[in-house]
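Hi,

Here is the structure I promised to pass along.

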Amino acid sequence: MNVALWIIAGLLALAFLAAGAMKLLQPKEKLAAAGMAWAGDYSSGSVKGIGAIEVLGALGLILPALLVIAPILTPIAALGLAIVMVGAIAVHIRRKENQALAAPVILLILSAIVAWGRFGPYAIS
């Protein structure tokens, strides 16, 4: 199970790093035009803030456990990313974007699995 948690955490880190970097590096108008219509509802600072949280969460999924420096940060990062995905799901439901729900639901489930495993039976010590 430890190997599975590492694989899930690695895949989550890649997904959140890519999504967060895109939000940090592109203007919200470009994001909205590229299919992230929700970005138009929020300020540029909010979109960049979400991107920063995703990038930091991605780093938090891997680095503390890999370096065994404050490894408690790994499940905290996973829990934080799960909370971000709850917010994403709420936004998509409010905007009636049912087709956009699959990705945040899957990311929520995977983040919750990593949080459970690293807080519980497969904690890095």
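This is a predicted model: local features need pLDDT of at least 70, side-chain atom pairs count only at pLDDT 80 or more; totals for chains, interfaces and linings use all residues.

Residues are numbered from 1 along each chain as its sequence is written, and side-chain values use heavy atoms, with hydrogens and water left out.

T74 sits in helix α4, residues 73–94 (helices are DSSP runs of H or I, at least four residues, numbered from the N terminus). T74 counts as buried because its relative accessibility is 1% (buried means under 20% relative accessible area, with a 1.4 Å probe and protein chains only). Beyond neighbours within four places in sequence, T74 is in contact with G60, L61, P64, A65 and R118 (contact means heavy atoms within 4.5 Å).

On to the core. The largest nonpolar core has 15 residues, and L12, F16, L61 and V114 touch the most other members (such a core is a set of buried Ala, Val, Leu, Ile, Met, Phe, Trp, Tyr and Cys residues joined through side-chain atoms within 4.5 Å). Two or more residues each come from α1 (2–25), α3 (44–67), α4 and α5, with α1 giving the most, 6 residues. Leaving out residues up to four places away in sequence, L12 touches L61, L107, L110, S111 and V114. Another core, of 6 residues, lies apart from that one, and includes L31, W38, A39 and V47.

Cheers

Methods:
Buried means under 20% relative accessible area, exposed over 50%, partly exposed in between (1.4 Å probe, protein chains only).
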